[in-house]
Amino acid sequence: MQHTDIDTLVKKWIVDAADRPANPRVQQIVVRLLGDLCKTIDDLDVTPDEFWSGLAYLSAAGASSELGLLAAGMGLEHFLDLRADEAEAQAGLAGATPRTIEGPLYVAGAPESVGYARLDDGTESERAEVLLMQGTVFDADGQPLPGAQVEVWHANLLGNYSFFDHTQSPFNLRRTIVADQDGRYQFRSILPVGYGCPPDGTTQQLLDLLGRHGQRPAHIHFFISAPGHRKLTTQINIDGDSYLWDDFAFATREGLVPPITRVDDAAQLAALQLQQPYESIAFDFHLSRDSAALPSAAVERQRAAA
């Protein structure tokens, strides 16, 4: 079929068939998506077997709650970041900490503290390396931002996240830290490890067909927010991970791989009541001033809440 014939058909199905007022934005998007899908079916001669297999795949991905993971693995979530970067650049915003993907594993309502928090519940202390991470949240003028909210979450040594992994205590490795009077935050946790997609899951199933791995480097997620500033969604990656620049979700970005310092000074260990060396990461966050000319940086999406 000619593409113009397909456009006519889709308009008939979606626009002309409407018998009451439609949401114009939803109608616009559905017409585009359905038209592009029909053109793909026709151009690539997609068979009925292939079509229904694809529909069954999407049903299975939805039933297993892996559509968010699939969006990351196909690069769609990273693509949204690239578009947001371009919009901010055109608006003259520069100098902020790079954004990167949120992923599907945030949980709202983590316990809140001022200045400092311990993230881990101690259950993996015998096998884990202790991590201390600290820094300052700065505004668009380079001034510290007291009261800025630092939400942080990461995986355990098995690559699992609390709430989704019911063997972990509630809010293990999740906290909200309010920056102190100097705009500083600090937390103690365990050094996370990298992990992969569920090996028998729908995301890995498609990645296998595409000849791709489903591994992520070790990383720590953050939401950083303050009144009058654009919310920052980002994550830092743990330097030295074998998948550091080969993340299946395309989330590693320049400026988000801070150096790690190993601390073995006896006095510093004693101050933390530690018997073994620990890892230290210093990382500052820089926010952009909010702009009414840009869409909100606080993305509305379905998230877990505990």
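Student: Is Arg 303 buried, partly exposed or exposed, and what is its relative accessible area?
Tutor: Arg 303 is partly exposed, because its relative accessible area is 28%. Buried means under 20% relative accessible area, exposed means over 50%, and partly exposed is in between (1.4 Å probe, protein chains only). Please note that this is a predicted model, where local features need pLDDT of at least 70 and side-chain atom pairs count only at pLDDT 80 or more, while totals for chains, interfaces and linings use all residues. Residues are numbered from 1 along each chain as its sequence is written, and side-chain values use heavy atoms, with hydrogens and water left out.

Student: With which residue does Arg 303 form a salt bridge?
Tutor: The partner of Arg 303 is Glu 102, with the closest N and O atoms 2.8 Å apart. A salt bridge is a side-chain nitrogen of Lys or Arg within 4 Å of a carboxyl oxygen of Asp or Glu.

Student: Where do Arg 303 and Glu 102 lie?
Tutor: Arg 303 lies in the loop between β14 and β15, and Glu 102 lies in the loop between α5 and β1, so the pair ties together parts that are 201 residues apart in sequence. Helices (H or I, at least four residues) and strands (E, at least two) are DSSP runs, numbered from the N terminus.

Student: Is Glu 102 buried or exposed?
Tutor: Glu 102 is buried, since its relative accessible area is 6%. The side chain of Glu 102 also meets that of Arg 301 in a salt bridge, at 3.6 Å from N to O. Arg 301 is in the loop between β14 (285-286) and β15 (304-305), and Glu 102 is in the loop between α5 (76-90) and β1 (107-108), so this pair ties together parts 199 residues apart in sequence. Arg 301 counts as partly exposed, at 32% relative accessibility.

Student: How many salt bridges does the count come to?
Tutor: The count comes to 18 salt bridges. Asp 85, Glu 88, Arg 99, Arg 230, Arg 253 and Asp 290 are linked in a network of them. Asp 19 and Arg 20 form another salt bridge, where the closest N and O atoms are 3.0 Å apart. Asp 19 counts as exposed at 66% relative accessibility, and Arg 20 counts as exposed at 63%.

Student: Changing topic, which residues gather in the patch of negative charge on the surface?
Tutor: That patch consists of Asp 42, Asp 43, Asp 45, Asp 49 and Glu 50. Helices α2 (24-43) and α3 (48-63) are the elements that give two or more residues to this negative patch. Patches are made of residues with over 30% relative accessible area and no salt bridge, with like charges joined within 9 Å and nonpolar side chains (Val, Leu, Ile, Met, Phe, Trp, Tyr) within 5 Å. Lys and Arg count as positive and Asp and Glu as negative, while His and the chain ends are not counted. The place of a charge is taken as NZ of Lys, CZ of Arg, CG of Asp or CD of Glu.

Student: Where does Asp 43 lie?
Tutor: Asp 43 lies in helix α2. With a relative accessible area of 48%, Asp 43 is partly exposed.

Student: And which residues form the nonpolar patch?
Tutor: Leu 37, Phe 51, Trp 52, Leu 55, Leu 58 and Leu 67 form it, with about 580 Å² of accessible area together. Accessible areas come from the Shrake-Rupley method with a 1.4 Å probe, and for residues only the protein chains shown count as cover. Helix α3 gives the most to this patch, with four residues. Leu 55 is in helix α3, and Leu 55 is partly exposed at 38% relative accessible area.

Student: How many disulfides does a search of the whole structure find?
Tutor: The search finds zero disulfides. A disulfide is counted as a pair of cysteine sulfur atoms within 2.5 Å. Cys 38 counts as buried at 18% relative accessibility, and Cys 197 counts as buried at 9%.

Student: Finally, how many helices and strands does the protein chain have?
Tutor: The protein chain has seven helices and 15 strands. Buried residues make up 41% of its 306 residues.
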